[in-house]
Amino acid sequence: MSQNYTTLSQIQSDIQTGQTSCVELVDFYLENISLQNSKLNAFVEVFANEAKQKAIEIDQKIKVGTSGKLAGMVLGIKDLLCYRDHVSQAGSNILKGFQSQFNATVVQRVLDEDAIIIGRQNCDEFGMGSSNENSSYGPAYNAIGENRVPGGSSGGSAVAVQANMCFASLGTDTGGSVRQPAAFCGLVGLKPTYSRVSRWGLIAYASSFDCIGPITKTVQDAALLLEVIAGKDENDSTVSTIEVQDYSSFVSEKKTYKIGYLKEAIESGLQPEVKEATLKKLADLQAQGHTVEAVDFPMIKYFLPTYYILTTAEASSNLSRFDGVKYGHRNNEAKELIEMYKTSRSEGFGKETRKRIMLGTFVLSASYYDAYYTKAQKVRRLVKEYTDFLLEKYDFIVCPTTPTTAYKLGEKTTDPLQMYLGDLFTVQANVVGLPAISIPNGTDSEGLPIGFQIMAGAFQEAELLAFAKEIV
Amino acid sequence: MKIDQESLQKIAHLARLEVKPEEEAEMLSSLNSVLTWMEELNEIDTENVKPLTHITLEINALREDKVIPSISRAEGLFNAPKQDGEYFRVPKVVE
């Protein structure tokens, strides 16, 4: 029978009645990987034997009733997460062959709940990109449409779920990197509140923005995965100590909500079909009894410049650790130390990463620090204060996840600003540290998926997920 | 503000990167177009705004001061491109 499940609860109940098993599920996903991965390039490494072995163990645990919450879930992880004794390369040549000595907290937590990790997934180098075209492994491809990007930076993670090469994925979201590929691939992508999930073992891009989040077919499984990976952790001093809620029980306080939509977002030159689908969704929400109002956010055009100043600055600092000494690529020709650093880094990093390190170094340099970096930190405060103010009046702020559906490979690589503008609606949540989810909202005339984004107040994931489940 | 060839090389040195002569023109135009776009922030009055430096609500994450094992030396050296069993090896630093 088909192992093509959409919810873990269905998988678990079918395992109980003997209609499927972890072994059969792993075989199903491995078969799909062998059929499709050479074309889609979603997985950069598959842990086939390990996954098969693990499946036997977990089937046994289920039989004796000692299995964890995620038993039956076959997961893929983005190539930015550390998994003990496995390679993690962050989609970069500079980390060629790097094997982690420890598990990322999120990896440990999903393993503790008996998830099976089937492989690591393609992404833009260090998470820097919106189309998965900046990967040392080459691009991943959207399974829908000819030659379309899957989005990025967690492109491989989205395609793997879309094409049934695994059940769910763990991605990372610094400016939209979970939500945007989820939208482009017709899936659910959740970016939690900043600090809700420990970043220990996540290869850092921009530490005050980075969030780990799930990519799934349903809101139910996004909630379940968040419940497992969230919460305090001795290894991350920024992680929140606020109690983790039972997100997967979907208990919401309200039946109807006050919803604000960003007027500027709807009027900002959307692809007509994206605009149409969004307006229809808003009308539906109103018809269901929710209050829907347009809100002004005149500062919307400043989200992206703020984001790029701060993230390139943080990246230039974070990526200084890649120096050819402790791990990864080294140029062996260099005769002295500084030359070794420079040649190793220039050979190891891709073009976009080198550019962002240069930008970050510039905005942090003594003469320009105040004009760029401090200025952006001030604007970040203004954006946060105004967003918080709106979220006192409204339960949620909504907009399309992306201005367009998935574009063609190569279409935006020549003009970086065009590529950056695609993240206009997703970056806000990272600039202000709030939770946001992308859910499917129909397709355009070519059948390419459209995403609808919902953003909530800090640590309001329970309400956010309950609402998303209701309206998906 | 525009970066010129000289400041480009200075930034590259600070970033421990090489920008080869044939890469200069493209890098310059790319950096300058992004910087011009970033300067749009100057349209906003931030005279009395304090910079937002932390996004987490946590203030001090304290723990007991006890010794716990870290990774072993062998594990620490495992990924090094060049090591001698005790130290990371690098090219000569002093003349």
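Surface patches here are built from residues with over 30% relative accessible area and no salt bridge, joining like charges within 9 Å and nonpolar side chains (Val, Leu, Ile, Met, Phe, Trp, Tyr) within 5 Å. This is a predicted model, so local features need pLDDT of at least 70 and side-chain atom pairs count only at pLDDT 80 or more, while totals for chains, interfaces and linings use all residues. Residues are numbered from 1 along each chain as its sequence is written, chains are lettered from A and ligands numbered from 1 in the order in which they are written, and side-chain values use heavy atoms, with hydrogens and water left out.

**Surface patches**

Glu333(A), Glu336(A), Glu339(A), Glu347(A), Glu18(B) and Glu95(B) make up a negative patch. For the charges, Asp and Glu are negative, Lys and Arg are positive, and His and the chain ends are not counted; each charge is placed at NZ of Lys, CZ of Arg, CG of Asp or CD of Glu. Glu18(B) sits in the loop between helix H1 (5-14) and helix H2 (21-38) of chain B. Helices (H or I, at least four residues) and strands (E, at least two) are DSSP runs, numbered from the N terminus.

There is a nonpolar patch too: Val90(B), Val93(B) and Val94(B) form one of about 270 Å². Areas like this come from the Shrake-Rupley method with a 1.4 Å probe, and for residues only the protein chains shown count as cover. Val94(B) lies in the segment after helix H3 (73-77) of chain B and is exposed, at 61% relative accessibility. On this scale buried means under 20% relative accessible area, exposed over 50%, and partly exposed in between (1.4 Å probe, protein chains only).

**Salt bridges**

Over all chains, the whole structure holds 19 salt bridges, each being a side-chain nitrogen of Lys or Arg within 4 Å of a carboxyl oxygen of Asp or Glu. Here are some of them:

| Pair | N to O distance |
|---|---|
| Arg84(A) and Asp85(A) | 3.6 Å |
| Arg84(A) and Glu75(B) | 3.2 Å |
| Arg179(A) and Asp173(A) | 2.9 Å |

Arg84(A) bonds with Glu75(B) in a salt bridge. That pair crosses between chains, running from Arg84(A) in the loop between S2 and H4 of chain A to Glu75(B) in helix H3 of chain B. Both ends are partly exposed: Arg84(A) has a relative accessible area of 38%, and Glu75(B) comes in at 22%.

Arg179(A) is another story, being buried at 0% relative accessible area; Asp173(A) is likewise buried at 0%. Glu45(A), Asp79(A) and Arg120(A) are tied together in a network of salt bridges.

**An enclosed helix**

Helix H4 (residues 105-112) of chain A has 6 of its 8 residues buried, so the rest of the structure largely encloses it. The buried ones are Thr105(A), Val106(A), Val107(A), Arg109(A), Val110(A) and Leu111(A). They pack against several chain A elements, including helix H3 (48-64), strand S2 (74-78) and helix H7 (219-229). Contact here means heavy atoms within 4.5 Å. Just after H4(A), Asp114(A) adopts a positive phi of about 70 degrees.

**A lysine facing chain B**

Lys375(A) belongs to helix H13 (residues 369-393) of chain A and is buried, with a relative accessible area of 12%. Leaving out residues up to four places away in sequence, Lys375(A) touches Asp370(A), Leu41(B), Asn42(B), Ile44(B) and Thr46(B). Its C-alpha is 9.3 Å from that of Ile309(A), 66 residues apart along the chain.
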